[in-house]
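The tour goes stop by stop.

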Amino acid sequence: MATGFTLIFATSLFLMLLLDCCSGSFIGVCYGRSADDLPTPDKVAQLVQLHKIKYVRIYDSNTQVLKAFANTGIELMIGVPNSDLVSFSQFQSNADSWLKNSVLPYYPATKITYITVGAEVTESTNNASAFVVPAMNNVHTALRKLGLHKKIKVSSTLSLGVMSRSFPPSAGAFNSSHAHFLKPMLEFLAENQSPFMIDIYPYYAYRDSPNKVPLDYALFDASSEVIDPNTGLLYSNMFDAQIDAIYFALMALNFRTIKIMVTETGWPSKGSPKEKAATPDNAQTYNTNLIRHVINNTGTPAKPGEELDVYIFSLFNENRKPGMESERNWGLFYPDQTSVYNLDFTGRGAVDLTTKANVTRSNKTTWCIASSKASQIDLQNAIDWACGPGNVDCTAIQPSQPCFEPDNLASHASYAFNSYYQQNGASDVACSFGGTGVKVDKDPSYDKCIYMRAGNNKTVGSNTTAMTSTSSSSQTENSSSISIFLLVTCLFNLLNIHRS
């Protein structure tokens with residue numbers, strides 16, 4: 001017992017050290033709710049966990065959403081809407097009350113790490129830019145009173161419209177008409193080590209100037225490069241060029257330590273007849289290349305290797321957003337939680353649990369079972385999704401049914417995974433489940449439990465696990481060994497980075 005506890009503790013410690021030492025740029029997703037057909041926040045939280053999305057941005061402090069994300073470990077960016085800027089800027093008590101009533105009841109169970117005070121204020125019809133910095137100061141003061149100002153960072157999101165020039169990147173400059181609030185905002189960000197938050201959309205640049213902006217350049221897919229005549233830096237995509245334009249604009253004002261965070265970017269999957277580039281293929285290409293670019297800590301030509309955290313817009317298609325058809329089709333998921341197109345948030349390749357498009361199918365009979373390396377919480381989340389939004393009939397793994405015994409997550413997950421896999425064409429992506437599913441060519445059926453196979457939609461429960469079982473002690477030892485190996489590998493890579 002003592003040995004097992006020691007190993008579990010050691011595993012947890014190593015994993016924490018691993019996550020800390022291997023931290024880098026991350027990909028998050030914006031969870032907008034301008035729709036009347038979205039799933040409930042608790043189902044959204046399950047979907048986000050299933051796809052291993054660790055960072056989510058919302059645009060307010062909705063209590064149902066904050067409750068739904070409690071104890072998930074997902075880091076949440078919440079927001080103060082533009083409509084509240086005036087009241088937050090005029091009275092400290094308003095910021096204090098909001099924090100006390102809308103944030104503290106859910107923190108730290110809900111892992112709130114950023115508060116955006118206003119969103120793209122220069123683009124709103126009622127320009128509230130004059131109130132942004134005073135409101136930011138009051139929110140920061142409210143956090144400082146509670147000792148949370150270093151755990152929850154305050155900033156405000158801006159559009160690329162704050163720039164008067166973005167090409168060539170080295171000539172990047174802010175629009176002087178926004179100087180009245182930009183300079184104090186930058187001073188605030190530098191003093192409090194908060195990021196400069198920007199929303200960047202190469203899609204709009206291409207849509208509005210298709211004769212000047214090559215589509216492949218906007219999609220991270222260019223075969224040639226654009227040179228900055230002032231620096232000689234080469235740019236293979238518009239995203240990097242726009243980011244570097246902001247870096248140069250900041251440096252021109254002598255703000256050299258402020259980090260940039262992209263709080264919105266993406267590509268629509270559908271548009272009006274005039275929006276020919278708004279297609280699922282282009283959306284998939286942009287976001288897949290973006291994720292790989294960020295996860296690999298590529299940085300930009302002016303800032304190679306620089307961390308750059310990015311949020312993809314948006315989680316769902318939102319049917320109540322005004323404007324052109326594309327405005328309602330930026331989502332990665334439909335409201336029924338099925339994928340709009342194939343996407344992998346880890347940056348390793350295209351992995352999807354719900355769509356049948358662009359998949360590889362095997363010619364021989366295969367089954368899908370739970371990976372022996374999957375954690376208990378990941379298995380439970382995957383089972384909840386498969387038996388819910390995944391539309392798998394999980395009756396057979398209920399008590400007294402043929403697949404209930406052995407009563408463990410690995411066995412139940414294997415049954416649910418395979419049912420979903422076979423129902424969705426036995427494709428590689430249908431057996432992903434965020435990395436918790438694996439394909440096998442040996443029929444896992446046993447006793448009265450007949451696992452579904454391609455062309456056979458009937459399954460009966462199980463009596464033995466579809467996975468190789470080990471004792472709990474050996475599992476713990478294996479987990480510890482894996483953790484140690486990963487930690488050593490991570491540290492070795494870091495040493496190599498520093499040496500180079």
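Two strands count as paired if DSSP finds at least two bridges between them. Keep in mind that this is a predicted model.

**Stop 1: strand β11.** Select residues 260-265. This strand is mostly covered, with six of its six residues buried. Zoom in on I198: its bridge partner in β11 is V262.

**Stop 2: the other pairing.** Now show β12, residues 309-313. β11 pairs with β12 too, in the parallel sense, over three bridges. Pick T265 and look across to I312, its bridge partner in β12.

**Stop 3: the core.** Which residues have the most contacts inside the largest nonpolar core? Select F69, F196 and F239. The core itself has 134 residues. Helix α10, residues 238-252, gives the most to it, with 10 residues. Center on F69. Beyond its neighbours within four places in sequence, its contacts include Y31, V44, I74, L76 and T110.

**Stop 4: helix α6.** Select residues 129-145. The 17 residues reach 25 Å from first C-alpha to last, close to the 24 Å expected at 1.5 Å a residue. Color the buried positions, among them V132, M136, H140 and L143. What do the buried residues of α6 pack against? Show α4 (85-90), α5 (92-103), β4 (111-119), β5 (153-159) and α7 (179-192). Finish just after the helix, at G147, where phi is positive, about 70°.

Note on methods:
Residues are numbered from 1 along each chain as its sequence is written. This is a predicted model: local features need pLDDT of at least 70, side-chain atom pairs count only at pLDDT 80 or more; totals for chains, interfaces and linings use all residues. Side-chain values use heavy atoms; hydrogens and water are left out. Buried means under 20% relative accessible area, exposed over 50%, partly exposed in between (1.4 Å probe, protein chains only). Helices (H or I, at least four residues) and strands (E, at least two) are DSSP runs, numbered from the N terminus. A nonpolar core is a set of buried Ala, Val, Leu, Ile, Met, Phe, Trp, Tyr and Cys residues joined through side-chain atoms within 4.5 Å. Contact means heavy atoms within 4.5 Å. The expected span of a helix is 1.5 Å times one less than its number of residues.
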